[in-house]
Structure formats: structure tokens, C-alpha cells
Amino acid sequence: MTTGGVTVKVLTGRVAVSLQRYRDSLTDDQDEEHLYDATRHCSHDLHVQIGEWAQTRRRHGTDGAVRRPRARYEVCDDDGQHPSGAMGDTVRVWDGKRWRKRPARPGETPTHLRIEPDDTMAIRDSEATHTIYAAGADLVNPENPEESMRFFDAVVAHRQQMYPGLQESIWAERNGKSGLVHVHVASNATIFQDFTLEGHRYRAGQKMAGDMTNVDATRARFEQYLDTHPEHGLIQSLARVGTPEYDAAQVRSSQKDYWEARRGNESSHDYIRRAALESMRTSAGDRDRYVTEMANRGIVVEEAGLRRGRATKKHDYTYRLTDGKARARGATIGPEFSYDGVGAMLELAAAGQEIEARRPQHAGPAKPLPYTTEPLTPDDRQGLLSLRHDVEEMARRSPAARTRQAKRQAEKELGARRAREATGADKGPGEVPAMAEARAIDAEMARLTHAYPEQMGLMRKAFIDDWRARHPAAHAETVKVNGELGLRRAVRSGELETELRRLRQPSAPTAAEKPVYTSRLRGARVTTEKMRLRRDALADLDEHWHTRVPTDESSVAERRAWAAELRAAGGIGPKMMGRWATGFSPDVADRLRAYVSLREVRRAYGDALATRKAEVVQRRTDAKRYRTWDEGYWQARDRVKEAGEWVEYHQNRVRALDSQIRDGVYATDTPELSIESPQVLKERHRTTARRTRDRTVETQETRNHDDQFYDLGLG
């Protein structure tokens with residue numbers, strides 16, 4: 001059995017796709033692939049797995065779900081008045097099961113004031129949950145693959161036993177800086193199938209919430225699992241959840257505190273802790289003296305969370321450096337520095353007992369490797385080096401390694417090229433030979449472009465198309481960069497000019513050949529390198545789509561491919577169309593005009609949405625001046641509601657337009673855009689209500705006439 005530290009972190013509110021892709025991503029700190037991986041209720045292939053998770057959300061109606069911000073309730077005094085001066089409007093009542101809030105009735109004293117959220121924008125629901133199980137070096141030595149595998153198997157078995165109904169992707173890796181082994185668990189926030197957890201029934205389609213995402217409950221379950229399954233050989237050495245030692249170790253430090261400690265410096269929170277302990281020792285149990293001692297050390301201590309002299313739930317001390325503006329609550333600095341904690345510490349100091357701050361627990365020293373320390377023989381050492389060389393060579397030749405290397409090289413060359421274009425400085429005395437060669441290639445390319453403008457454009461397009469054909473999934477910018485690099489290599493070899501001369505010679509197209517269409521944009525005059533890149537991108541777009549421009553009735557794949565190339569080209573607007581519209585083929589130009597027209601409509605609705613949001617804020621501010629009994633209160637509430645309806649109307653229009661632009665549909669009479677404004681809807685509701693009322697009156701009059709008819713004996 002191995003005893004060591006295990007910690008757990010739970011992160012909610014994650015986007016599923018980015019979390020799933022995190023498994024195969026590499027960063028500067030994490031330069032090695034994950035050690036082990038496993039999946040549950042989904043495929044190991046990343047693209048298939050993304051689709052399976054999305055299918056689960058679509059099946060239960062949670063894909064792309066949003067929620068509205070909730071209003072908050074603030075407590076009123078015994079007379080029903082809020083500290084702001086407004087009267088409350090809500091009563092908190094017990095319905096036999098739970099406390100609920102409802103509007104106050106006439107004669108009731110309000111207990112709360114309902115405050116609507118300032119921002120009415122919808123919030124996207126959580127799609128995934130990220131759980132991390134980290135093992136200290138005293139439990140799992142990162143250099144020991146057997147221990148790493150055992151810890152990974154324990155986490156996988158624990159998740160299978162406790163959460164059998166979740167779609168999950170699990171992988172183990174070593175942290176880039178500390179090198180500790182930790183296991184990532186990416187869970188679909190929508191439950192895949194029914195299961196029971198600690199007596200509570202969770203059904204398919206529900207969202208992960210409550211104890212499933214609570215970090216303390218998650219860690220407690222894993223600790224209990226390790227205790228009841230000794231076959232894994234792992235025992236928690238840190239404080240258990242629920243113990244006083246565990247509560248004392250929950251010291252919340254900021255990111256600044258963490259990095260200052262890593263640099264060996266003392267952060268502001270650490271200074272406040274040290275000064276507070278010194279002040280407690282010299283205050284002799286007096287709070288006022290404690291505050292004075294802290295002021296002498298450059299720290300302002302204030303009592304917060306009081307309402308009309310009474311303590312609220314947020315009653316605590318706040319600490320602030322005299323030369324700073326940021327305040328920190330005592331509970332944030334540490335439990336012993338809160339209002340109640342300071343009182344307890346002052347009592348201990350007055351009784352003559354030693355006081356000291358509680359510190360979070362840390363893992364012990366790294367567990368030694370179970371390897372012998374006998375020196376290797378020369379033959380064994382040579383064999384080990386040969387084996388290591390073979391393994392590294394296999395890793396370098398793997399498809400994943402080649403893809404990563406090509407991506408990094410392309411990004412590096414793109415950054416170097418952009419930096420070289422941005423500086424534009426002449427060759428200095430200390431310039432390296434590689435820079436001199438690059439400048440020579442630039443000069444040669446400029447000469448060839450001037451001598452063979454059309455042929456260089458065709459050659460550049462040929463290199464880009466060739467690289468795109470070999471890497472169909474690559475990003476558009478990566479394709480252009482690598483195509484440009486191929487052209488530069490051809491210039492450096494000295495064989496490009498011969499090919500350009502051959503292309504310049506006129507040759508009549510045969511019956512089997514079709515003349516190559518060249519966009520008239522190739523000859524457009526530009527003054528900057530940025531404009532040249534944009535012109536070439538638009539020319540590529542024109543040459544690629546001049547005979548097969550998609551319409552609104554084309555397939556979704558064709559329209560989305562067209563829209564993707566539009567986004568990659570960029571800079572397509574009224575100014576560009578006014579300058580270069582005649583350089584496109586007629587079909588492409590008409591399609592671009594429809595695109596620009598729809599973008600202008602989208603821009604207009606976006607501006608109107610911003611204006612309506614500002615109007616909501618202003619009307620809400622104006623409404624707060626009224627009290628419930630004031631004249632004009634309900635009119636102000638109606639104005640706020642009307643402004644909110646206009647915001648929702650413009651939001652729906654903007655979303656519909658964005659969806660059309662992404663799908664390549666540029667018509668303005670689609671059903672999604674046929675959204676009636678709140679004013680039209682209100683008038684229609686009034687007309688419908690009036691007609692219903694008139695019809696009811698006519699029916700009642702008819703019934704009265706029939707009753708009179710029968711009363712006279714004429715029936």
C-alpha cells in the first residue's frame with residue numbers, strides 16, 4: 001500500500017468541443033502527449049466523439065440551450081423598507097417543503113425587494129464538466145509508468161462505478177512544470193443514461209448539477225473508493241473531507257499570491273497575514289487595539305456587512321493596504337483573519353497561548369523509484385541508448401508528430417515572415433547569412449513578379465492548390481503560407497524563371513483543353529503588401545467559383561464552403577465592391593453584392609440592438625426612482641418591459657442574419673427573418689382581443705333574443 005496526497009478539482013460551464021480537443025492539444029508547457037486514455041459511451045476518435053456528444057444533447061434538447069439571468073432578492077428591514085429607500089415587493093413564505101418568494105399582497109409587510117438583472121442577454125448553458133484528479137509525487141512518482149497506470153486505472157474504475165451513466169473521455173498526463181501525474185475527466189453535462197448516485201436517481205437528459213459537480217463531494221467519493229478498494233494500493237494522506245484539518249486547509253489565495261510565492265516574493269495577502277499575527281500578539285485581546293496596530297503597519301481594517309447596526313451573512317473584516325485600492329475579506333485571507341476568527345485568536349493571545357496561522361497541507365517527498373542502483377555494463381548502456389534512439393525516431397516519424405511539426409514550422413515561418421515585413425530594415429552589419437538569403441529571395445521574387453506578373457500569379461496559385469490538395473483539412477492561412485514557401489523554394493533553386501518563360505509563350509488551346517480563367521483582379525494596382533495579399537485572396541476566390549457560384553437553393557455543403565472562403569478572404573464590404581467589383585466575373589460579383597447587402601442589414605440591426613440595450617438600462621434607471629405607490633410606477637415598469645421586448649426582437653434578427661451568413665443564404669425574405677416587431681404583435685393581439693370581445697357580445701345578444709322568443713311561446 002502506498003500513502004500519498006490526492007486532490008480533486010471540478011470546473012463547470014465548459015464548452016464541450018474545446019474541452020474534448022484539449023486531450024490531443026499540446027502547449028509550450030505540455031510538450032508530450034498524454035500517457036493513457038479511455039472513453040465511456042463514446043468513440044475514442046475525436047471527431048466521432050464530438051458528434052456523439054452533440055447527438056446526445058440534441059436528442060434531449062440541450063444542445064445550444066441558453067438561460068435568462070435571474071433576478072436577485074435583497075432583504076428589507078422589519079418595516080419592509082430596503083436600505084436604498086424603496087419599499088419591498090416580495091414576501092418569503094414556507095409552503096410546507098421549501099422557502100419560496102411571491103409578490104406581497106395588500107396588507108402584508110414585504111421581506112425582500114426584487115431587483116431585475118441589468119443585462120438581459122441570454123447565458124449559454126454548460127455543455128461539459130472538467131474534473132481533474134491530481135496525485136502527489138509521494139503517491140505516484142511521475143517517472144514510474146507502473147504507478148501512473150495504477151492511478152489511472154483507479155480513477156477509471158471509480159468513474160465507472162460512481163457515474164455509469166455519463167459520456168466521458170478520460171486521459172492521464174504529466175504536468176509540464178511540476179511533472180506530477182494527473183487524470184483529466186471530460187464529462188458531457190447532459191446525462192447519457194439513467195443511473196443512481198448515493199440513493200438519488202438521475203435520468204437521461206438531465207444536466208449534471210448538485211453533488212455531481214461539488215468538489216468536496218467528488219473528492220470524498222474518491223477517498224471512500226480508495227479505502228474500500230485496497231487492490232489499487234493507494235491511500236489518501238492529506239486531510240479527509242469534513243474534518244477540521246480539511247476546513248482549515250481551504251485557504252483561498254489569488255493568482256498573484258501564487259506567482260509571487262513561486263518567485264520567492266511576499267504578496268500583499270501574505271504581508272497582511274504576517275502583520276495580522278504580529279498585531280494579535282500585541283493587542284492583548286482588544287479589537288480596537290488590533291485595528292490600531294494594523295493601521296501602524298500600513299493596513300486599513302474595516303468592519304463590513306452591517307445593516308443598521310445588525311450583522312448580516314456577509315459580516316466580516318476587510319483589509320486594504322494604505323497605498324492600494326483593492327480590499328480583501330477576512331474569510332478570503334484565511335479563516336483566522338475573519339471577524340469571528342480574530343476574536344478567537346485574540347482570546348487565545350489574552351490567555352497567554354501561542355497563536356499561529358493555519359497553512360494548507362502539502363504532499364510529502366517524492367516516492368523513490370523501485371529500481372536498482374547498480375551501474376550498467378558498457379554493453380547494456382549501449383543497448384539502452386540504441387533502444388532510446390529507436391523509440392525517439394519512431395515518435396518523430398509518426399503521423400501525429402509530423403503534423404505537429406509541420407504546423408509549428410508553418411507558424412514559425414509565418415511569424416518570421418510577418419516580422420521581416422513589418423520591420424523592413426536594410427541589412428545591418430550583424431545580419432546572419434539566413435537573413436541575407438531571405439532578402440535575396442525577396443528581391444528575386446520582386447524582379448520576377450515585375451517581369452512576369454500574370455505567370456507569377458498562376459504559379460503562386462498552382463503551389464497553393466497543390467498544398468491544399470495534399471492537406472484538405474488545413475486552415476486557409478496555413479495553406480497560403482505553405483504555398484508561398486513552396487514558391488520561394490522554387491525561386492531559390494533557380495528553375496522558376498525557365499518555367500515562367502514557357503508559360504509566357506502564347507499557345508492556342510486545343511479542342512480538348514479549355515483556356516484557364518484568370519481573374520481581372522490580378523492586374524489591379526495596389527500600394528501595400530497588405531492590399532496585395534487581399535487582392536490575391538479575392539482573385540483566388542473569383543477563379544475558384546466563377547463557373548459554379550452557389551445560390552440560395554444550392555446544397556448546404558456548397559453554400560458553407562463558399563461562406564468559409566469568404567471569411568478566409570476577409571475585407572469584403574461596400575468600399576471593396578466599389579473599388580474592385582468590375583474585376584470579378586458577373587456571377588461572383590452579383591453574389592458578393594447580395595452578401596454585402598445582407599451584411600449591411602446585419603450591421604444596421606446590430607447598431608439598433610446596442611441602442612435598444614442602452615435604452616433598457618436608461619429606462620430601468622428611471623423606473624428605480626418610483627416607489628410602488630407612486631404615480632407612474634407601473635407605467636415605468638411597462639416602458640422597461642416594452643424596451644426589453646424590442647431588445648429580444650433585435651437579438652432574434654441578429655441571430656437569424658448571422659445564421660444565414662454562415663450558411664451562405666443571402667435572401668431577405670426567409671421565414672427566419674419574418675419576425676414581427678413587438679409593435680405589430682401588440683396591435684395584432686389588440687385586434688384579436690377586440691374581435692373576440694365583439695364575437696362574445698354578439699353571441700350573448702343572440703342567446704338573449706332566443707330566450708325572449710321562447711318566453712313568448714313562439715318557439
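1. Val 6 sits in strand β2 (residues 6-14). Strands here are DSSP runs of E with at least two residues, helices are runs of H or I with at least four, and both are numbered from the N terminus. At 2% relative accessibility, Val 6 counts as buried. The cut-offs are under 20% relative accessible area for buried, over 50% for exposed and partly exposed in between, with a 1.4 Å probe and protein chains only.

2. The model is predicted: local features need pLDDT of at least 70, side-chain atom pairs count only at pLDDT 80 or more, and totals for chains, interfaces and linings use all residues. Residues are numbered from 1 along each chain as its sequence is written, and side-chain values use heavy atoms, leaving out hydrogens and water.

3. What does Val 6 touch, not counting residues up to four places away in sequence? The list is Ala 134, Leu 139, Phe 151, Arg 219, Phe 222, Gln 236 and Leu 238. Contact means heavy atoms within 4.5 Å. Ala 135 is 129 residues from Val 6 in sequence, yet their C-alpha atoms are 4.7 Å apart.

4. β2 belongs to an open sheet of five strands, ordered β2-β10-β12-β11-β3, with antiparallel pairing. Two strands pair if DSSP finds at least two bridges between them. β2 and β3 (36-40) are the edge strands; each has a single partner, so one side of each lacks a neighbour in the sheet. On average, neighbouring strands are turned by 15° against each other, direction ignored.

5. Arg 40 has Glu 168 in β11 as its bridge partner. Helix α2 (residues 46-59) lies across β3, β10 (128-135), β11 and β12 (181-188), at about 45° to β12. Helix α3 (residues 145-162) also packs on the sheet, touching β2, β3, β10, β11 and β12, and its direction makes about 10° with that of β3. Axes are lines fitted to C-alpha atoms, for helices over the stretch in contact; angles run from 0 to 180 degrees between N-to-C directions.

6. The largest nonpolar core has 35 residues; Leu 538, Trp 562, Leu 566, Ile 572, Phe 584 and Leu 592 touch the most other members. Such a core is a set of buried Ala, Val, Leu, Ile, Met, Phe, Trp, Tyr and Cys residues joined through side-chain atoms within 4.5 Å. Elements giving two or more residues to this core are α17 (529-545), α18 (556-569), α19 (574-580), α20 (586-623) and α21 (633-663). α20 gives the largest share, nine residues. Beyond four places in sequence, Trp 562 contacts Leu 541, Trp 545, Pro 550, Val 588, Arg 591, Leu 592 and Tyr 666. Apart from this core lies another, of 20 residues, among them Tyr 133, Phe 152, Ala 172 and Tyr 225.

7. The whole structure holds 35 salt bridges, each a side-chain nitrogen of Lys or Arg within 4 Å of a carboxyl oxygen of Asp or Glu. In one, Arg 240 and Asp 227 bring N and O atoms to 2.7 Å. Arg 240 is in the loop between β15 (234-236) and α5 (244-248) and Asp 227 in helix α4 (residues 215-228), so the pair ties together parts 13 residues apart in sequence.

8. Asp 658 and Arg 602 meet in a salt bridge at 2.6 Å, N to O. This pair links helix α21 to helix α20 across 56 residues. Asp 658 is partly exposed at 24% relative accessible area, and Arg 602 is partly exposed at 23%.
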